[in-house]
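Please keep the sequence and the structure in view while reading.

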Amino acid sequence: MPVSDQKLYLLDYGAGNVRSLLNAVEKLGHRIEYIKTVEDFAKADKIIFPGVGAFGYAMRALNNSGFAEPLKAYIASGRPLMGICVGMQVLFEGSDESPAEPGLGIFEGRVELFDKKLKSVPHMGWNAAQVVHQENVLATAVPEIGEDSRYYFVHSYAVPYTGTGAQRGIVHSATRYVDQAVVSSVWSRNVFATQFHPEKSGPAGLALLRSFIEHDLVRPQSSAGELRMPGDIESALTVRVIACLDVRANDQGDLVVTKGDQYDVRESADKGGDVRNLGKPVDLAKRYYDEGADEIAFLNITSFRNLPFRDTPMLEVLRQASRSIFVPLTIGGGVRDSVDPDGEHVWPAVQVAGEYFRSGADKVSIGSDAVYAAEGYWQRKAEGLEPLDGSTAIEQIAERYGRQAVVISVDPRRVYVNSPEDASGHHVIRTAFPGPNGEQYCWYQCTVKGGREGRDTDVRQLVTACEALGAGEILLNCMDKDGTNSGYDIELISDTKTAVSIPVIASSGAGRPEHFSEAVEKTAVEAVLAAGIFHRREVPIVAVKKHMQEQGISIRSAEDGV
Ligand code: 1PR
């Protein structure tokens, strides 16, 4: 059947962002329809089954919609299915994530929580999918999965790779995350499924999706045999390089990418005092994708002034950007419970986040509201109450869309003190960069509303509370360093990195390629972010990656990104 005539369907159980996948399929020149009723299974020639969020949520949704049995029957019929992420996990018997909820049981085995002892969880970033068959029969069958390619993974649970027993007939590739080897793709007859997200894996991921859509990925019979042992699977996780775009309306009302010096985004009075304009958000983001950025972040920096999902130009930016950018997109700004200007309508933060996800975001970042949430968390603890009461945006968004979708954007500034006793109980560090009066210590004060208001909360209190509430990642800015080009605040980053077990993104102050490698080598952060030097074309992303590679830091190569 000509590819153009085939009926390609998407099995969406309403978990979250399928926009990225739709965009990727459209980019490849194909149309995809939603499975809306049980009858649609009979019409489908091929099904893509993406998954976002929790295992239990996915299984309940499949069962409640009556789709679980038709899906099994579809698979038994021999027609092709591609599962993605949780869409792969539910093919197994069950998961630690939701022990009460059995999986579809197509494959033997269970999904288990990563062991957090030696590494950050979730496993988030670009890693290799290493074909496990000894004779490599399968490597040539899906040429798009190459040993050198990197794919975007984001998950806290995985099927441990053993290379024995039932895995012989089904495992296609495995991936190492520090001390653990896990299954990264399965391939059994007409079912091909990946733990990683092809739709977010740049050109390498799009090539794999194209292969599924345009060819028949049916596993060759001859492929049973010995598999590589877990110890042979090498670690290949890369450090992510993220381009960040601070977006706001300028004085003419147009949305522009701006960039401040220590959060002040206006030109000096003698230059007119206008909001600095460094380019158009979608154009700039596309440029960074083409140049090999591993992730793009948009921060809607004046969203505390108005309701973000009334902010249709910003949503339009996201929609347009997500049509041509196939790496993860984060959006921040205004993710909080909001009241309509008429004072009648309350819009819960989870709804604001939902609007961002539907417009193409993969993650939302929460700034001010995270500080208030952390303050509430510590208050409840102090009062002997249950600190996790489900009331915060972090808990609600993590529950609905998965914790990997919740990034905490931290906007701290240094408060210098002469001794730890002067810090009113806040977590202090001894600094190698003394304060203006020779103070040897400092604590990091959290701010809200774009740095306009300081709070009586320190960064350590914020990040530990947010991790407990369900956040998946920390975007660690620093107001003292922002826009200075003088390098990251290594003291802040090191201190924060040791306080949490979720990934940390170093941000603020990058001015030279050496600053990126310094942050990785000294603090072991999972990702490095910059804004100004990329916008002003002072240092291109490839130069940063080339330098990091020369320093022996694992990065996603330019060929994979461009
Ligand atoms: O509080 O949830 O509504 O979110 C508002 C978001 O907007 C927060 O994430 C906050 O960081 C951001 N924001 C608010 N005001 C500003 C400002 O600059 N006036 N931007 C602002 C903060 C910091 C970084 C920046 C890095 C790297 N920008 O995102 O990109 O510091 O810069 P550099 O490489 O040039 O040094 P909410």
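## The ligand and its surroundings

A backbone N or O atom of Gly334 lies 2.8 Å from an oxygen atom of the ligand. This distance, like the others below, comes from a predicted model. In Asp482, a polar side-chain atom is 2.5 Å from a ligand oxygen atom. In Ser508, an N or O atom of the side chain is 2.6 Å from an oxygen atom of the ligand. The table sets out these contacts.

| Residue | Part of the residue | Distance to a ligand oxygen atom |
|---|---|---|
| Gly334 | backbone N or O atom | 2.8 Å |
| Asp482 | polar side-chain atom | 2.5 Å |
| Ser508 | side-chain N or O atom | 2.6 Å |

How much of the ligand does the protein bury? Taken alone, the ligand exposes 770 Å², and the protein buries 99% of that area. Two elements give two or more residues each to the shell around the ligand: strand 14 (240–249) and strand 28 (527–530).

The shell holds 25 residues, and the closest are Lys259, Ser368, Ser409, Asp411 and Asp482. By residue type, the shell divides into 13 polar, eight nonpolar and four charged.

## A cavity in the protein

Rolling a probe the size of a water molecule over the atoms shows where empty space is left. In this model, the count comes to four cavities of 30 Å³ or more. The second largest cavity has a volume of about 70 Å³.

Which residues line the second largest cavity? They are His427, Ile429, Tyr444, Asp458, Val459, Arg460, Val463, Leu492, Asp495, Thr496 and Ala499. Helix 14 (459–469) and helix 15 (490–497) are the elements that give two or more residues to this lining. Six of the lining residues are nonpolar, three are charged and two are polar.

Strand 6 (residues 110–113) runs antiparallel to strand 10, and two bridges join them. Across this pair, Glu112 stands opposite Ala158 in strand 10.

Conventions
Residues numbered from 1 in each chain as written. Predicted model: local features only at pLDDT ≥ 70, side-chain atom pairs only at ≥ 80, totals over all residues. Heavy atoms only, no water. 1 Å grid on protein atoms, 1.4 Å probe; cavity = no way out; pocket = protein on both sides within 12 Å on 5 of 7 lines; lining within 4 Å. Points joined across faces, edges and corners; volume = space filled by probe spheres on them. Helix = DSSP H or I, 4+ residues; strand = E, 2+ residues; numbered from the N terminus. Nonpolar A, V, L, I, M, F, W, Y, C, P; charged D, E, K, R; others polar. Pairing = 2+ DSSP bridges. Near = heavy atom within 4 Å. Polar contact = N/O pair within 3.5 Å; in protein donor to acceptor, adjacent residues only side chain to side chain. Areas by Shrake-Rupley, 256 points an atom, 1.4 Å probe, with all protein chains shown as cover.
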